[in-house]
Amino acid sequence: MRLPSINRSFIVLAVIVLFLILVPILGSRSTVNLVAEMAAVLAIALMWNLLAGFGGMVFMGFQVFVGIGGYAVFMAANGFQVLPFPFILLSAALCALTALAIMPILSRLQGAQFAIASWVISEVVRLTVFQTSVLGGGGGISLTAMRSVPRELRMYGTYGSAALVLIVALVVCVFLMRSRVGLALRAIRDNATAAEAMGIDLRRTQRLVMMIAAAVAGAGGGAYYMLALQIGPGTAFSMNWMAITLFVVILGGIGTLEGPIVGVVVYFLLRETLSDLGSVYFILLGLMAILVTLLFPKGAWGGLRQLIGQDLLPIRRNPSESKG
Amino acid sequence: MTGAAVSAIAVEGIAKSYGGPNVLEDVSLEAVAGEILGIIGPNGSGKTTLFGVISGAHAPSAGRVVLQGRDITDLSAAERAKNGIGRTFQVPQTFSQMSVYENLLVATKFGAGLSDDAAEVLIRETLELCDFTHRTDAQAGELSLLDRKRLELARALATKPAVLLLDEIAGGLTDKEAEGLVATITALAARGIAVIWIEHLVHVLTHAAHRLAVLGEGRIIAAGQPRETMQLPKVRQIYFGMEPEQHDLD
């Protein structure tokens, strides 16, 4: 049965929300923590996919927003010695402002130059944090504000924050990509010259999407490090974040909304079952990525989509569905 | 072309340099509403650069561009599109991962600034005009070169242009297809659109254009009635390098 595309999106979103509600009710502590981590990683991956997959902006220093988001929560919560959960909003705001500040530089660059410049910016921020004693320097800081928080509240608060960030990420992706902005973003990705000749303001569109992606990824970073209770420049601004994000998005299917969802499930499935193998795990992870991209150039979702025969979170605009 | 001549687009004293010698030098042209102005010239004579300057892709080194009496020299390409300049490209620049429908949707929403309902109507009309209704769902990147050219024309029209810039849109068409294209372009001009049409196929332009301008080494070397212009010795010299055969014009 083929439902109108927006109805399909609503159903998928509802199923995901229901799943996120049921996990803390039915799941064990470890399951709740694992799903919280998955939610934060997926939110970050969805935002990177929004930039690279839909907008053609291959931002290779995306960990800068994860790190800033994490540090914002830690510094604010520790400073006021209050619950850290609401401060993911501060993470979002700071990251959006960071994106606004760096876009005048990045919007002049394309392709590899854009990718390298974004990575350099992230490295500059990492080194700056490393040298800043108030941020804990190279050793990082602990989330001391959580010390007096009861364990249950800590777990459910963190889970709720991560789940909320994921829901926002999914809703943003679905509605943004079906909106006028999403249409402009895809046009810019396909052909910037033609997009401009059709009346699209390239820089304004890219700046807006960059700020949205940075804000949600920053909130994701905040939620993730609440779970870890410890943050340092070596991990928060690590290229390892890019490796995970690339694996999730590219293995799942870049430029689709379903791809990162499939990718994050595969990634965590592998991690939870094979990580005890040490370095062999990383070799298997790499082999898996190569194999999937060879067999399914459109990612794992590309293969699944062939079986299902339709998108679950469609973004393509059809006649009489072109609202926005 | 009928009715009073209203200036749709004018370029005045345009020069363009990319750092070296001028690619365009003191180029002045005007097209009125409903007119088809053909532009020909050898490779490298500055035709596509001129389109870049008019559409806002390139800033001129000197001179100005005037759209319906308004100086638009400082406007971006996007602003010019919104103000009524539609264009096609020498090499088709479609949105390859988007459908034919979505390509036109971009043009109607951003270039023409239409509401959803109005966009639907214009897309349907444009697809019918360009005989493209059977390919609405096709992905642009999977179309043949000729279909991509047709899509570009449709997309440019979907911006509701006052001025339409066509860059070698007839290249690769059969005579019959070219005839159909000329009929379509003539119909568009009859609606009041000023068409500036760069083409290597001289016989197509001599049939379709009301006036012809010849570019040579970045300068306008002749302009006027198409057949008369093509008979000028300096045009024969710079464009053909020899006497044109009659069939070149037919």
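B:Arg150 and B:Asp147 stand three residues apart in helix H5 (residues 145–157) of chain B, and are therefore separated by about one helical turn. The two residues form a salt bridge, in which the closest N and O atoms are 2.9 Å apart. The model is a predicted one.

**Salt bridges**

- A:Glu272 counts as partly exposed, its relative accessibility being 45%.
- In chain B, a salt bridge links B:Glu35 with B:Arg211, and the closest N and O atoms of this pair are 2.4 Å apart.
- B:Glu35 lies in the loop between strand S2 (22–32) and strand S3 (36–40) of chain B, while B:Arg211 lies in strand S9 (residues 211–216) of chain B, so the pair ties together parts that are 176 residues apart in sequence.
- B:Glu35 counts as buried at 2% relative accessibility, and B:Arg211 is partly exposed with a relative accessible area of 26%.
- Over all chains, the count comes to 14 salt bridges.

**Chain A: overall form**

- The secondary structure of chain A consists of 14 helices and two strands.
- The radius of gyration of chain A is 19 Å, close to the 20 Å that the globule rule gives for 324 residues, so chain A is as compact as a globular protein of that length.
- The C-alpha trace of chain A spans about 55 × 45 × 40 Å along its principal axes.
- Buried residues account for 54% of the 324 residues of chain A.

**Chain A: contacts between separate parts of the sequence**

- A:Ile44 is placed in helix H2 (residues 29–54) of chain A.
- A:Ile44 counts as buried, with a relative accessibility of 1%.
- In sequence, A:Ile44 and A:Ala169 are 125 residues apart, yet in space the two are 8.2 Å apart, C-alpha to C-alpha.
- A:Gly252 belongs to helix H11 (residues 240–252) of chain A.
- A:Gly252 is buried, and its relative accessible area is 0%.
- A separation of 8.9 Å lies between the C-alpha atoms of A:Gly252 and A:Val292, which are 40 residues apart along the chain.

**Chain B: overall form**

- Chain B contains ten helices and ten strands.
- For chain B the radius of gyration is 18 Å, close to the 18 Å given by the globule rule for 250 residues, so chain B is as compact as a globular protein of that length.
- A box of roughly 50 × 40 × 40 Å, taken along the principal axes, is filled by the C-alpha atoms of chain B.
- Of the 250 residues in chain B, 56% are buried.

**Surface patches**

- A patch of positive charge on the surface gathers A:Arg180, A:Arg204, A:Arg207 and B:Lys82.
- One of these residues, A:Arg207, lies in helix H9 (residues 202–228) of chain A.
- A:Arg207 is partly exposed, with a relative accessible area of 33%, and so it meets the requirement of over 30% relative accessible area for a patch residue.
- A nonpolar patch on the surface is formed by A:Leu277, A:Val280, A:Ile283, A:Leu284, A:Leu287, A:Ile290 and A:Leu294, which together have about 660 Å² of accessible area.
- A:Leu277, one of the residues in the nonpolar patch, is found in the loop between helix H12 (258–274) and helix H13 (279–295) of chain A.
- A:Leu277 counts as partly exposed at 45% relative accessibility.

Key. Residues are numbered from 1 along each chain as its sequence is written. Chains are lettered from A and ligands numbered from 1 in the order in which they are written. This is a predicted model: local features need pLDDT of at least 70, side-chain atom pairs count only at pLDDT 80 or more; totals for chains, interfaces and linings use all residues. Side-chain values use heavy atoms; hydrogens and water are left out. Patches are made of residues with over 30% relative accessible area and no salt bridge: like charges are joined within 9 Å, nonpolar side chains (Val, Leu, Ile, Met, Phe, Trp, Tyr) within 5 Å. Accessible areas come from the Shrake-Rupley method with a 1.4 Å probe; for residues, only the protein chains shown count as cover. A salt bridge is a side-chain nitrogen of Lys or Arg within 4 Å of a carboxyl oxygen of Asp or Glu. Lys and Arg count as positive and Asp and Glu as negative; His and the chain ends are not counted. The place of a charge is taken as NZ of Lys, CZ of Arg, CG of Asp or CD of Glu. Helices (H or I, at least four residues) and strands (E, at least two) are DSSP runs, numbered from the N terminus. Buried means under 20% relative accessible area, exposed over 50%, partly exposed in between (1.4 Å probe, protein chains only). The radius of gyration is taken over C-alpha atoms; the globule rule is 2.2 Å times the number of residues to the power 0.38.
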